[in-house]
Amino acid sequence: MIGVVSCGIGNVQSVLNAFARLGHDARAIETPEALGDAERVVLPGVGAFPSCMNRLNESGFRAAVDRFVKSGRPFLGVCVGMQMLADIGTEFGETSGLGYIPGRVEVIPKTSPDLRIPHMGWNDLSIAKPTPLLAGLDGDTACYFVHSFSLVCKNESDVAAWTEHGSRLVAAVARGNVFGLQAHPEKSQNVGLKILDNFAKLPC
Amino acid sequence: MLKTRVIPVLYLMNGLIVRSEGFREFKAIGNPIAEMERYGDWLADELVYLDITRDGEHDFGRDDHKFKGERDILSILRQIAASCFMPLAFGGRIRSMEDVDRFIRNGADKVVICSQAFRDPALVTAVAEKYGAQAMVLGLDVKREEDGTHRVYVDQGRTPVDEAPETYAKRMEAAGAGEILLNSIDRDGAAEGYDTEIIRRIADAVSIPVVACGGVGDFSDFREGIDEGHASAVAAGNVFHFTEASYKRAKRYLRDKGYGVRFPYTN
């Protein structure tokens, strides 16, 4: 069973709808205790970094997520859920993240006056290293992004894919059993469904 | 590179998709869920649904549709969202944060707010703070008056706003709008092309994305919206309704002309 963390920080239903379309058993996880029952876990995040982290901490999910990740089972952060994998977020001041992927979440550099931020819309993934999460994407790799902040990895070896918006931005990360996708796979049609299907089929 | 989005806009009236002309004449043309499935099959970049019902009642009112009649717009939204794996904006008749909450909770990724943004700009700010600016789309309806000047209207084109369009757009951007859906009242359904003058004036005045809408008659009009209007995304309604496979053909046309559009098709 795929557990989708439901503590009021992401659009859980869209992710469940996508797994349902793929024929995978995915359920909303409403309590930290229930997280242990999942074979793999998705952490969706929408909104500001500090409010998402605060919700995760206050709801008691933080410790359960830490335990789950330590168990070695596959874990996927989506959008702000990916950013939360970092050590530190800088939106509205510095906030500690989950610390699974060394790095900081910084505002997208406005490299030219006409660069529109948020980075909103469809953009290509450029694969940085082979990872089962992004396997089998051939030809079209465009995914739907919506974000103003971006994860800056300390180790480039954690970067699984880049995208380009004024400068090179981290689009996906992979480190051991921890994965992250800045784009919204549940809103990225066939490409996003393929990524979620890959995640659902990772060995665990 | 970020792609230029091509967005079908669907007008809902009493639970049916309608063709709109000049914000005054409407003709029922389809079922909202069947339409969504069609655009899903065609891999549209994004969908915008605008509920332009005036009497507050939602009902397919016919029993010859594939889906059973729905009295509740939220129920229509839920059915659309359940198999919509693309960004979905929903708008029309949003008056309060409670309305916004209901749309988002039932599957909309963004809300489009027009008249109430004018009446209560604090709502724009509150939506941006709660859901992020990207979820707060300003609906901006503009009309070219007979003397050639442009004027913003609210209440589905009935109430004029006494403020220059650029000033109004910038004020709403400052209040928290993350995107502008710019519709041209006099071009609506006219198939004479976009009003590129007003699109450019708005797009150049703000730094948030502007989605051009209203007037597309053939695919070359999209190019004018991008090149002359400086729009970040191009939207249309009727042109997608009445020609076979039109969405994909529009994408192919733009790709072949060298535009950076998403083209997830094999040919």
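Modeller: Happy to! This is a predicted model, in which local features need pLDDT of at least 70 and side-chain atom pairs count only at pLDDT 80 or more, while totals for chains, interfaces and linings use all residues. Residues are numbered from 1 along each chain as its sequence is written, chains are lettered from A and ligands numbered from 1 in the order in which they are written, and side-chain values use heavy atoms, with hydrogens and water left out.

Let us start with confidence. The average pLDDT (the predictor's confidence in each residue, from 0 to 100) of chain B is 89, and 93% of the residues score at least 70. Between residues 59-70 of chain B the pLDDT is below 50, though this stretch has 28 contacts in the model beyond near neighbours in sequence; a contact means heavy atoms within 4.5 Å. Where pLDDT is low, the predicted coordinates should not be read in detail. Helices (H or I, at least four residues) and strands (E, at least two) are DSSP runs, numbered from the N terminus.

Now the core. A nonpolar core is a set of buried Ala, Val, Leu, Ile, Met, Phe, Trp, Tyr and Cys residues joined through side-chain atoms within 4.5 Å; buried means under 20% relative accessible area, exposed over 50%, and partly exposed in between (1.4 Å probe, protein chains only). The largest such core has 75 residues, and B:Tyr49, B:Leu140, B:Ile180 and B:Phe222 touch the most other members. Helix α2 (residues 73-82) of chain B gives this core its largest share, 6 residues.

Rings of Phe, Tyr and Trp (its six-membered ring) pair if their centres lie within 6.5 Å, with planes under 30 degrees apart counted as stacked, over 60 as edge-to-face and the rest as tilted. Over all chains there are 11 aromatic pairs. One of them is B:Phe219 with B:Phe222, stacked at 6.3 Å centre to centre with 20° between the planes. For B:Phe263 and B:Tyr265 the centres are 4.9 Å apart and the planes at 80°, so that pair is edge-to-face. B:Phe263 is buried at 13% relative accessibility, and B:Tyr265 is buried at 14%.

Finally, the charged pairs. B:Lys251 and B:Asp45 form one at 2.9 Å, N to O. B:Lys251 sits in helix α10 (residues 246-256) and B:Asp45 in the loop between α1 and β4 (47-51) of chain B, so the pair ties together parts 206 residues apart in sequence. Both of these residues are buried. By contrast, B:Asp99 and B:Arg102 lie in helix α3 (residues 97-105) of chain B, 3 residues apart, about one turn of the helix. Their closest N and O atoms are 2.7 Å apart; B:Asp99 is buried at 15% relative accessible area, whereas B:Arg102 is partly exposed at 34%.

Terms used:
Salt bridge = Lys/Arg side-chain N within 4 Å of Asp/Glu carboxyl O.
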